[in-house]
Amino acid sequence: MVVGMGVLAGCGPGGPPKVIPDKSAPVTGVVNLDGKPLGNARVTFYPQEVSQGSGVASGYTDSAGKYELRSLFGDKTVVGAAPGKYKVTVSVMVRPDGSPLPADSQEPPINSGARESIAIEHSAFDRTELSANVSSTGGTFNFDVKKLQ
């Protein structure tokens, strides 16, 4: 199946114009830490193909570890992600007392002394071992992550 694509005109100093897909595909899943649902985690899908879309797709897990991705397509936020290959990170920022930094916090993590609590091979863009290949119909992607030692 071929997905229709529209081109965003213009070419700036950042390179060729970005291609904005005509549609997104629903992406959901569950994140577990040591076999238990991980709440309050930010799940981020980073596109690995230039023609795939306008940027990352992300979402937060609920108390059952479930997430649903959202993406920015042009000037609209939509449910899902563009079909294609992604690097995936899972992040949970915690304060010095061990309490999680709320997902809706307006305070930058550095101002609160927050630090990453998920292992670098799952939380760092340049070191993540997590990946996903989103089809034109979307998919469910479950991830098991480890705590930072």
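**Notebook: a sheet and a pocket**

I am working with a predicted model, where local features need pLDDT of at least 70, side-chain atom pairs count only at pLDDT 80 or more, and totals for chains, interfaces and linings use all residues. Residues are numbered from 1 along each chain as its sequence is written, and side-chain values use heavy atoms, with hydrogens and water left out.

Entry: I looked up how β8 (residues 70-73) and β9 (residues 76-79) meet, and found 4 bridges in an antiparallel arrangement. For my own reference, strands are DSSP runs (E, at least two residues), numbered from the N terminus, and two strands pair if DSSP finds at least two bridges between them. The two strands form a hairpin with 2 residues between them. Gly 74, in the turn, has a positive phi of about 65 degrees.

**Entry: the sheet.** Next I traced the order of the open sheet of 6 strands: β9-β8-β6-β5-β10-β13, with antiparallel pairing. β9 and β13 are at the edges with a single partner strand each, so one side of each has no neighbour in the sheet. From one strand to the next the twist averages 30 degrees, with axes fitted as lines to C-alpha atoms and angles running from 0 to 180 degrees between N-to-C directions.

**Entry: β10.** Which strands does β10 pair with? I found β5 (residues 42-47), antiparallel over 6 bridges, and β13 (residues 130-134), antiparallel over 5 bridges. Towards β13, Tyr 86 is partnered by Ala 132. I also checked burial (buried is under 20% relative accessible area, with a 1.4 Å probe and protein chains only). In β10 (residues 84-91), 6 of the 8 residues are buried, so the strand is largely enclosed by the rest of the structure.

**Entry: the largest pocket.** A pocket here is an open set of points on a 1 Å grid over the protein atoms alone, where a 1.4 Å probe fits, with protein on both sides within 12 Å along at least five of seven lines; lining residues have an atom within 4 Å of a point. I noted 13 lining residues, with Tyr 60, Met 93, Leu 101, Pro 102 and Ala 103 nearest the centre. The lining divides into 8 nonpolar, 3 polar and 2 charged residues.

How values were computed: Buried < 20%, exposed > 50% of the residue type's maximum accessible area, 1.4 Å probe, protein only. Nonpolar A, V, L, I, M, F, W, Y, C, P; charged D, E, K, R; others polar.
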